[in-house]
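Student: I'd like to go through this one with you, residue by residue and helix by helix. Can you put it up first?

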Amino acid sequence: MLRRAMQGAWPWYSGSSTPGVRTPANLPRSKRREPIRVPAETDKSSRFGSLAFASLSLMVFAMPWEDAFTIPGFGTSVRLVGMVAFALGVLTVLERGKIRQPALGHVIMILFVMMAGLSFLWSLSPEETLIEAFSYVQLLAMVWLIWELAPDLQKQMHLMRAYVLGTFVSAIDTVYLFLAHQESAYQRYAGAKLDANDLGLIMALSVPMSYYLLIHNKGWIVWVCRLQLILAGTTILLTASRGASLATAVGLTIVPLTQARLNGRQRVALLLTVVLLISSALYFVPATSWERLATLPTEFTQGTLTGRTIIWKAGWEIFRSHPFFGIGANAFRLIVSRVLTDPIHLGEADPAPPAHNTFLSVLVEQGVLGFAVFCALLIALAVSLRGMPAFPQRLWIVSLAVWIVGVSSLTWEMRKPTWFFFGLLMAQCGSIAEMKPLAPLVARGLQKRIVRSTRNMAPAFPV
């Protein structure tokens, strides 16, 4: 009964019903009623709540192509939308008169942001540290908005859809640039003014989400997700990003991990999607992309991963000089350019190289203390998955693995998709944790409803 009640509130909750009990699913159609749902307190109708959530959804939608439009002297358009969403979110909370209790992950996030801000006191590049600390505060505000405005599965899936739909903009632009023979880098293509490697990981993170939505939805959104999977795979290959390709291979493991859940029609549709993806890759992706991706084994064993290993060695030398507190948030670029024997210049607009490894970047900039907090955040996220039902648990495990593989060659500790992904994960874990104490109440309500329904039914045998 408890499992049935949980399944009424959460469609993907697995578990068999109690033997011998006639549930609403097998009652006569005239006796069926809507499943019992216990809405979260944050779902109360609000004059500002709908506008705040719409602004948050718009920000998530624009996240995969945020560099396409910038406001001179201000930043990306996503920042402007985020400020509006935050203001409306504050008004929503004030109108509600209550703030949701934060999860452990939020507390660790706050500690991490505070340590980044405190590193200004000993930073070797105070101006850059101050800029990054301000960016961290904005990212923390986005995580708080997700926690307050998306307390239930329906809204969380809406944010997933917003992110997946946003990838269409950068994907279509990438295909257009390829057809127009406009390279973003040598023999590589990336739309929305994004770096090819960043775009590749943005797309790789969308693959498990899109697959999850494909399984849990019906109607037009299913076809949208199928098309998105084809576009995402094609875009990743056009970027020729080796790290993103590895991350995508990890993301595709969600398919065999969830095969038991698919019915025959879904398996046929999935096979058709794979065939279309392969056809699209063979038609659009040039030979130069395949050649670059084929160099991955050689780069691992004999190469420098396009100069990354040189940067990592220099970063390790910096860490050995500042092991405990680091050199200050966002100071890696400036300091490593002084340490490198042969400076690596990426262009006039980007004269110094980033760490090209999120974990090394945090370790060097915030020392052992900051790195320990960052690792504690990842551990808290992983541990919080233990109480989730099987399918979403596998979704987030695979997504975490995609992120870890992808950021091993990118500096993503302060990128919006990272914090959106973490915030959404905590929101879903929190909603499940809040639902569990209410499950006995839901079960009793469901039992009463079944009893009332069965009393009105005709007896199975004449008395």
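Student: Leaving out residues up to four places away in sequence, which residues does Glu413 touch?

Tutor: Some ground rules first: this is a predicted model, where local features need pLDDT of at least 70, side-chain atom pairs count only at pLDDT 80 or more, and totals for chains, interfaces and linings use all residues. Residues are numbered from 1 along each chain as its sequence is written, and side-chain values use heavy atoms, with hydrogens and water left out. Contact means heavy atoms within 4.5 Å. On that basis, Glu413 touches Glu132, Tyr136, Thr358, Ser361, Val362, Glu365, Phe374 and Trp419.

Student: Is Glu413 buried or exposed?

Tutor: Glu413 is in the loop between α17 (390-407) and α18; helices here are DSSP runs of H or I with at least four residues, strands are E runs of at least two, and both are numbered from the N terminus. Buried means under 20% relative accessible area, exposed over 50%, and partly exposed in between, using a 1.4 Å probe and protein chains only. Glu413 has a relative accessibility of 3%, so it counts as buried.

Student: Which side chain does the side chain of Glu413 make a polar contact with?

Tutor: A polar contact is a pair of N or O atoms within 3.5 Å; within protein, one must be able to donate a hydrogen and the other to accept it, and residues adjacent in sequence count only if both atoms are side-chain atoms. Along the chain, Thr358 is 55 residues from Glu413, yet their C-alpha atoms are separated by 5.8 Å. The polar contact, at 2.6 Å, is with the side chain of Ser361.

Student: Which residue caps the N-terminal end of α9?

Tutor: Look at the loop between α8 (220-239) and α9 (242-251). A side-chain oxygen from there lies 3.2 Å from the backbone nitrogen of Ala244. The residue is buried, with a relative accessible area of 2%, and beyond four places in sequence its contacts include Arg188, Asn197 and Arg292. The cap is Ser241.

Student: And which residues of α9 are buried?

Tutor: Their cover includes α7 (196-216), α8, α10 (254-257), α12 (287-294), α13 (296-301) and α17. The buried residues of α9 are Arg242, Gly243, Ala244, Ala247, Thr248 and Gly251.

Student: At what angle do α14 and α16 pack?

Tutor: Axes are lines fitted to C-alpha atoms, for helices over the stretch in contact, and angles run from 0 to 180 degrees between N-to-C directions. For α14 (residues 308-321) and α16 (residues 358-384), the axes are 9 Å apart and the angle is about 15°. That makes α14 roughly parallel to α16, the word for angles under 35 degrees. The contact involves Trp312, Gly315, Trp316, Ile318 and Phe319 of α14 with Leu360, Leu363, Val364 and Val368 of α16, and the angle asked for is about 15°.

Student: What is the handedness of the crossing of α16 and α18?

Tutor: The axes of α16 and α18 (residues 416-435) come within 10 Å and cross at roughly 40°. Contact is made by Leu377, Leu378, Leu381 and Ser384 of α16 and by Phe422, Leu425, Met426 and Cys429 of α18. A crossing is left-handed if the near helix is turned anticlockwise from the far one by less than a right angle, and right-handed if clockwise. Here the crossing is left-handed.

Notes:
Parallel < 35°, antiparallel > 145°, perpendicular 65-115°, else oblique.
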